[in-house]
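Here is a short walk through a protein model, written for someone meeting it for the first time. Have a look at the picture, then read on.

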Amino acid sequence: MSDGTYTLAFIGLGVMGYPMAGHLARAGHRVTVYNRTFSRAAEWLEAHGGLSVATAETPAEAARDAHMVFMCVGADRDVEAVTLGADGALDAMKSGAILVDHTTASAGLARRLATEAAGRDVAFLDAPVSGGQAGAENGQLTIMCGGDAAAFETARPVMALYGRRVQRLGEAGAGQLTKMANQVCIAGTLQGLSEALVFAEQAGLDGAAVVDVISGGAAQSWQMDNRALTMLEDRFDFGFAVDWMRKDLAMVLDEARQRGLSLPLTALVDQFYADVQALGLGRGDTSALIRRLRHALPDRD
């Protein structure tokens, strides 16, 4: 590490993990990757030929010599499998290493992993991300972290290779709770944007012209800037899927119930997303909310 490089592992090479691991390798770190579907890991290895990279057949093999192990998998059960399951990473990690979970998972699991890691003299950070596939590819993710402060300071410059904003919010679980707040905002914003666009269309306005003018005022949002025009075109293949949003909102609503909180808008939009799934758009991106409104329009023929 005297030259500023680390031995790293990256577990999970989906649409987010694949480019994130690539940023680490191109920065000169020694990176070993693991993916459940090995062909994906082999593809990544070929794409990064000439760098200090390798593949592993199990999470444990990937993690064994790493100073830091990064994960970006699907859900709680996947995190548990690659950390605590058979051939999981955690038992193989060396004393003093850092485990960083970029999965959007539950705060309860984050706290459990922090305890499990501490018992093995390993530090744990829950570090979910926002910014989508484009953010991962361009190194422009927002990373919300919880966990040990000293471990965060060590890992922050490494995470900054793919994160434009990397911030610690508190102890274990704080990163996941912050990501939940993020998803609440996105769900509400997309529902409002969907209603605005359908209203404009039904009022006989030019939707693109409406977006152009109102995006210069208080209605402006990332969703408007990046999704409004494709929503008008009825195209929904631009990243984070409805199925994954419903997984996230289920965690939000469960956490709220545990705290005695009512989140009526979030609960309503979650049900709207269930309607979108019923329309066959579970793998469409979250802006597909507008399709539900269009589907309900009266036949004007």
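Leaving aside its neighbours within four places in sequence, which residues is Phe 152 in contact with? They are Leu 125, Cys 145, Met 159, Val 166, Gln 167 and Arg 168. Keep in mind that this is a predicted model.

Phe 152 belongs to helix 8, which covers residues 149–159. With a relative accessible area of 2%, Phe 152 counts as buried, because that value falls under the 20% cut-off. Phe 124 sits 28 residues away along the chain, and the C-alpha atoms of Phe 152 and Phe 124 are 8.9 Å apart.

**Around helix 8**

Strand 8 spans residues 141–147 and is mostly covered, with six of its seven residues buried. Strand 9 takes in residues 163–170 and runs parallel to strand 8, joined to it by six bridges. In this pairing, Leu 141 stands opposite Gly 163.

Strand 8 has other partners too. Two bridges link it to strand 6 in the antiparallel sense, and here Leu 125 faces Gly 147 of strand 8. Strand 7 (residues 129–130) is also antiparallel to strand 8, again with two bridges. There, Ser 130 has Thr 142 as its bridge partner.

Now to strand 5, residues 98–101. Is it covered on one face or on both? Both: Ile 98 and Val 100 are buried on one side, and Leu 99 and Asp 101 are buried on the other.

Strand 5 runs parallel to strand 4, with four bridges between them, and Val 69 stands opposite Leu 99. Strand 5 is also parallel to strand 6 (residues 123–126), again over four bridges. Here Asp 101 is set opposite Asp 126. To get from strand 5 to strand 6, the chain passes through helix 6 (residues 107–118), and this β-α-β crossover is right-handed.

The strand pairings mentioned so far look like this side by side:

| Strands | Direction | Bridges |
|---|---|---|
| Strand 4 and strand 5 | parallel | four |
| Strand 5 and strand 6 | parallel | four |
| Strand 6 and strand 8 | antiparallel | two |
| Strand 7 and strand 8 | antiparallel | two |
| Strand 8 and strand 9 | parallel | six |

**Rings and cores**

Phe 10 lies in strand 1 (residues 7–11) and Phe 70 in strand 4 (residues 68–71), so the pair ties together parts 60 residues apart in sequence. Both of these phenylalanines are buried.

The two also show up in the largest nonpolar core, which has 35 residues. Phe 10, Trp 44, Phe 70, Ile 143, Met 159 and Tyr 162 touch the most other members of that core. Not counting residues up to four places away in sequence, Phe 70 touches a number of residues, among them Leu 8, Leu 24, Val 100, His 102, Val 158, Met 159 and Tyr 162. There is a second, separate core of 24 residues, including Ala 56, Met 71, Leu 90 and Leu 99.

One more ring deserves a glance. The charged end of Arg 292 sits over the ring of Phe 272, at 3.6 Å from its centre.

**Helix 1 and some positive phi values**

Helix 1 (residues 17–26) is mostly covered, with nine of its ten residues buried. Among them are Tyr 18, Met 20, His 23 and Leu 24. After helix 1 comes Gly 28, with a positive phi near 100°.

Most residues other than glycine have a negative phi. Asp 121, however, has a positive phi near 60°. It is found in the loop between helix 6 and strand 6, and is partly exposed, with a relative accessible area of 46%. Asp 234 also has a positive phi, of about 60°, although it is not a glycine. Its place is the loop between helix 11 (222–232) and helix 12 (242–258). Asp 234 is partly exposed as well, at a relative accessible area of 32%.

Key. Residues numbered from 1 in each chain as written. Predicted model: local features only at pLDDT ≥ 70, side-chain atom pairs only at ≥ 80, totals over all residues. Heavy atoms only, no water. Buried < 20%, exposed > 50% of the residue type's maximum accessible area, 1.4 Å probe, protein only. Contact = heavy atoms within 4.5 Å. Lys NZ or Arg CZ within 6 Å of the ring centre and 35° of its normal. Pairing = 2+ DSSP bridges. Right-handed = clockwise from strand over helix to strand, strands pointing away. Core = buried A, V, L, I, M, F, W, Y, C linked by side-chain atoms within 4.5 Å.
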